[in-house]
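Please look over the sequence and the structure, then read on.

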Amino acid sequence: MKKIVIASLCFILAIPLTVSAEEPAPFVIPAKETTLSAGFEFGNTIEHGDNIVPGTDSIYFGSPGMNVEGYSFRNGKNFGMFFHGSWTFPAVGDDTQDFQTSWLIGPAFRVRFTDKLTLQTGLGISANRLRERFEENGTEYFRSIINFGIGADAGLKFDITDKFFIKGGVNAAWSFLGWTNVRENNRHSRGCGERDRNIMDIWTLTANPYISFGVNIYSPRREIPRRHGRRLGKPPREEAAQ
């Protein structure tokens with residue numbers, strides 16, 4: 001009986017040792033191609049709302065500025081994710097506009113015409129913010145407008161080398177859901193003047209051509225904890241052809 005008990009205890013104690021001796025399955029990170037770029041953008045914006053500026057319901061303004069953009073694709077696939085952001089300073093058209101920021105993020109798709117020429121496109125959710133000052137009946141007001149909607153991006157990417165590229169394209173967005181915040185621009189009250197907030201009363205339509213310069217970044221498929229980090233450049237030719 002003692003032998004049976006001792007054998008059973010040895011068997012039970014041996015189970016954890018056997019399990020711990022097995023190597024855990026490695027965590028695999030897929031290969032990833034990323035393009036990051038920045039450049040010049042010119043925004044064309046139509047803004048519509050009830051008496052948005054005293055005496056009119058619609059205004060246009062052009063906005064030179066800068067942009068940043070990123071596209072990412074995994075395992076050599078043609079479907080991925082992208083983001084596009086811009087900061088522009090209205091200078092053409094209605095001169096009451098002071099500053100505009102726009103963001104676009106969503107799923108992406110690419111068409112590789114050659115090893116150097118690629119069409120990158122994306123469709124997603126847009127966000128647009130306008131900050132402006134205007135005067136009415138001798139009183140200066142400050143208005144902040146935040147809108148959300150849908151948008152798209154399309155551009156041709158040309159690889160100068162495996163590491164660096166130039167890209168030209170255009171993005172468009174229709175922002176229709178948001179709110180405005182209008183207050184009296186009283187410098188002595190430090191922004192604590194009268195406030196009036198309206199929901200869903202303004203929409204904007206934008207079409208922004210741009211040109212940018214960027215870098216290709218490639219991360220090969222790897223296992224953790226093996227350390228093989230990112231590197232500048234495109235994937236090996238045999239992987240890119242898959």
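Lys 167 forms a salt bridge with Asp 153, with 3.9 Å between the closest N and O atoms; a salt bridge here is a side-chain nitrogen of Lys or Arg within 4 Å of a carboxyl oxygen of Asp or Glu. Lys 167 lies in strand β9 and Asp 153 in strand β8, so the pair ties together parts that are 14 residues apart in sequence. Helices (H or I, at least four residues) and strands (E, at least two) are DSSP runs, numbered from the N terminus. Both Lys 167 and Asp 153 are buried; buried means under 20% relative accessible area, exposed means over 50%, and partly exposed lies in between (1.4 Å probe, protein chains only).

The model is a predicted one, in which local features need pLDDT of at least 70 and side-chain atom pairs count only at pLDDT 80 or more, while totals for chains, interfaces and linings use all residues. Residues are numbered from 1 along each chain as its sequence is written, and side-chain values use heavy atoms, with hydrogens and water left out.

**Salt bridges**

The structure holds 4 salt bridges. Another of them joins the side chains of Glu 69 and Lys 167, at 2.6 Å from N to O. This pair links distant parts of the chain, as Glu 69 is in strand β3 (residues 56-74) and Lys 167 is in strand β9, 98 residues away. Glu 69 and Lys 167 are both buried.

| Salt bridge | Closest N to O distance |
|---|---|
| Lys 167 and Asp 153 | 3.9 Å |

**The chain as a whole**

The chain has 2 helices and 13 strands. Of its 242 residues, 37% are buried. Among contacts with a separation of 6 or more, 65% are between residues 24 or more positions apart; a contact means heavy atoms within 4.5 Å. The chain exposes about 14400 Å², and carbon and sulfur atoms supply 64% of that area. Accessible areas come from the Shrake-Rupley method with a 1.4 Å probe, and for residues only the protein chains shown count as cover.

**The nonpolar patch**

A nonpolar surface patch of about 900 Å² is made by Ile 46, Tyr 60, Phe 148, Ile 150, Trp 174, Phe 176, Leu 177, Trp 179, Trp 203 and Leu 205. The elements that give it two or more residues are β8 (139-159), β9 (164-184) and β11 (202-219). Strand β9 supplies the largest share, 4 residues. Patches are made of residues with over 30% relative accessible area and no salt bridge; like charges are joined within 9 Å, and nonpolar side chains (Val, Leu, Ile, Met, Phe, Trp, Tyr) within 5 Å. Phe 148 belongs to strand β8 and is partly exposed, at a relative accessible area of 36%.

Ile 146 is also found in strand β8. Apart from neighbours within four places in sequence, Ile 146 is in contact with Asn 128, Arg 129, Leu 177, Gly 178 and Trp 179. The C-alpha atoms of Ile 146 and Leu 130 are separated by 6.6 Å, and these residues are 16 apart along the chain.

**Cavity and pocket**

The structure holds 1 cavity of 30 Å³ or more. The largest cavity contains about 100 Å³ of space. Its lining has 14 residues, of which Ser 102, Trp 103, Asn 171, Ala 173 and Thr 206 lie nearest its centre. Two or more lining residues come from each of β4 (79-88), β6 (97-112), β7 (117-136), β9 and β11.

On a 1 Å grid over the protein atoms alone, a cavity is a set of points where a 1.4 Å probe fits but cannot get out, and a pocket is an open set with protein on both sides within 12 Å along at least five of seven lines; lining residues have an atom within 4 Å of a point. Grid points are joined across faces, edges and corners, and a volume is the space filled by probe spheres set on the points.

The second largest pocket has a volume of about 260 Å³. It is lined by 20 residues, of which Glu 33, Arg 110, Arg 112, Lys 157 and Lys 234 lie nearest its centre.
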